[in-house]
Amino acid sequence: MIAILDYGVGNLFSLRSSLQQLGLQAVVTADAAAIRAADRLILPGVGAFGDAMAKLTATGLVPVLKDQAEQKPLLGICLGMQLLFEKSYEYGEHAGLGFIKGEVCPLGPDLADKSLKVPQMGWNALHIVKDDPLFRYIREGEYVYYVHSYYGKNCTESTLAVSDYSIPVTGAVRAGRVYGTQFHPEKSGDTGLRILKAFSEL
Amino acid sequence: MITKRIIPCLDVRDGRVVKGTNFEGIKDVADPVEMARLYNAAGADELVFYDITASFEGRALFTDILTRVAGEIFIPLTVGGGINTLEDFDRVLKCGADKVSVNSGALKDPGLIPAAAQRYGDQCVVLSADVKRVNGQFRVFAKGGREDTGRDALDWISWCAAHGAGEICLNSIDTDGVRNGFDLEMLDAVAARVNIPIIASGGAGKKEDFLELFHHKGIDAGLAAGIFHQKLLGIRELKEYLNANGVEMRL
C-alpha cells in the first residue's frame, strides 16, 4: 500500500490514476496510522513553498514523516521534492523538511540563457548522474515533464539526475530512502509510469 | 534541452470530436477517448479538449469523457470551453485536467485570471485568445470568434500574462482552417510582448509549417486539429521530421 499524503495542495487525480494503472494500491490520506501502516509514501505538491510547508505543518504530520522516512521509501514530487530540502527562497526564506542537503532557489537568475522562459514548462531529457534502482526501467535521456520556477541547488551529493535548461537543473535526488523528482512522473507518459513502478519495488 | 511541443486539439460536442473550418461547417470526426489513445501512442506531447457543447447533457458527457481520458493517459491535459467561474475550474480539475483554458470567460470577467492563478497557480491558467486583424489592428474576438470585442489583442494578452496567465494559446482567426501556415506575423507580435510559453494555433497544413513556426523565437508549441484528425499528417511522422531538421522533440 502506497500512502499519498493529503495536506490540501495539488491535484491528485493523475497520481492516483497512474498508480492504479500500474496495479498498485494507493490511499490518499492525512491519517498518521494509515501513513505508518503503508509500505511507502508519496509527498505530492503544487503551489508555493511557504504555503505548502505551513499546510503540511498544520496537519501535524511532519514528525510522523520524519520518523517514517527512516523506515520506508518516500518520494516527493515537484513541490513535494522541494519540501525535502533544508530551505527555500521562494517569497522569503522558509525551512523545509531537511532530508536533502541543499536549498531551493529561483531558476530565472541562475539561467545561463536569459531568453529561456520561467517556469520551465514542458518535456526535457533526463540525464542520469548516479545510477539508482529508481531508474531500473528507464534509459539515459528519456523525456520527462516539468513545470517549475524554482529548483534544488547545492545538492550535488544527493543528485541522481539532471535536465539541461542552459544549466543542469536538478531532476531527481536521493538521501537514504528519501527520493524526490522535480518533474511529474504521473504526467511523463510511459517513462513516468516506469519510474513509479521502480519506486513501488524499492 | 526542453523540447518544442506538438499538441492535437479535440473539440468535443455531445460526446464526439468535431472540427470546423473558419469556425463554420463543423463535421463529426471520431470518439474522443479512442482518439486520445491514438494521439498518446503517436507521441502527442499534450492534449487539449475544448467543450463546445451548449446543453447540460452534453456538458455531463464531456466531464465523463475527460475523467476516462485522464484515468488512462498520463500526459498533460488542457481543458477549455465554457470556463466562466472558479467553480468551472474546479469542475474540470477534479476530472483530471492539469491546465484550464479561459477565453470568453476572461473577457467577461478579467478578474477570473488572477483569481484562478491565486487559487491554482499560474501554471494552471492558460489564456486562449481568438485574434483577427481589423483595420490593421490585432483585435480579440469572443464567443468562438464570432464577436469583435474591440479590444487590442496585444494589450489584452500582456495584461493577462502580467496577472496570472501561465501560458498563451494564440489562435489566429485569419489563418484558422486555411492550412497555409501559422500566422507568424501575429505570433511574433505576441512573442515580443510576453515571456510565458506560447502555443501557436491556426493554419497548420503541412510539416514544413511547423518547422517554419519553430524557427521563430519565443514559440513553444504548435497546436492543430483537422490535419491530425483527418490523418493528413501523422504526429510521429511530424516529430521525426522536425527532429531530423534540428528541432528537439520527445521521440
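**Notes on chains A and B**

Q: Where does N154(A) sit?
A: In this predicted model, N154(A) is in the loop of chain A between strand 11 (150-153) and strand 12 (159-164).

Q: What is phi there, at N154(A)?
A: Near 55°, which is a positive value, and the residue is not a glycine.

Q: Buried or exposed, N154(A)?
A: N154(A) has a relative accessible area of 52%. The cut-off for exposed is over 50%, so N154(A) counts as exposed.

Q: And N135(B), what about its phi?
A: Phi of N135(B) is positive too, about 50°, and N135(B) is not a glycine either. The residue is in the loop between strand 7 and strand 8 (137-142) of chain B. N135(B) is exposed, at 76% relative accessible area.

Q: Back to chain A. Cis or trans, the peptide bond from V118(A) to P119(A)?
A: That bond is cis, with omega near 5°. P119(A) belongs to the loop between strand 7 (100-106) and strand 8 (120-125) of chain A.

Q: How many helices and strands does chain A have?
A: Six helices and 14 strands.

Q: What does UniProt put on chain A?
A: An unreviewed UniProt entry places "domain: Glutamine amidotransferase" at residues 4-197. That span is 23% helix and 32% strand, and its end C-alpha atoms lie 15 Å apart.

Q: What is the radius of gyration of chain A?
A: It is 15 Å. A compact globule of 202 residues would have one near 17 Å, so the value for chain A agrees with that. The C-alpha atoms of chain A fill a box of roughly 45 × 35 × 30 Å along the principal axes.

Q: How much of chain A counts as buried?
A: 57% of its 202 residues. Of the contacts between residues at least 6 apart in sequence, 70% join residues at least 24 apart.

Q: What about the surface of chain A, and its charges?
A: The accessible surface is about 7500 Å², 50% of it from carbon and sulfur atoms. Chain A has 19 positive and 21 negative charges, and their mean positions are 2 Å apart.

Q: Which residues does D11(B) touch?
A: Leaving out residues up to four places away in sequence, D11(B) touches R16(B), V17(B), V18(B), Y50(B) and I52(B).

Notes. Residues are numbered from 1 along each chain as its sequence is written. Chains are lettered from A and ligands numbered from 1 in the order in which they are written. This is a predicted model: local features need pLDDT of at least 70, side-chain atom pairs count only at pLDDT 80 or more; totals for chains, interfaces and linings use all residues. Side-chain values use heavy atoms; hydrogens and water are left out. Helices (H or I, at least four residues) and strands (E, at least two) are DSSP runs, numbered from the N terminus. The radius of gyration is taken over C-alpha atoms; the globule rule is 2.2 Å times the number of residues to the power 0.38. Buried means under 20% relative accessible area, exposed over 50%, partly exposed in between (1.4 Å probe, protein chains only). Contact means heavy atoms within 4.5 Å. Accessible areas come from the Shrake-Rupley method with a 1.4 Å probe; for residues, only the protein chains shown count as cover. Lys and Arg count as positive and Asp and Glu as negative; His and the chain ends are not counted. The place of a charge is taken as NZ of Lys, CZ of Arg, CG of Asp or CD of Glu. UniProt positions are given in the numbering used here, feature names are shortened, and annotations may be inferred rather than shown by experiment.
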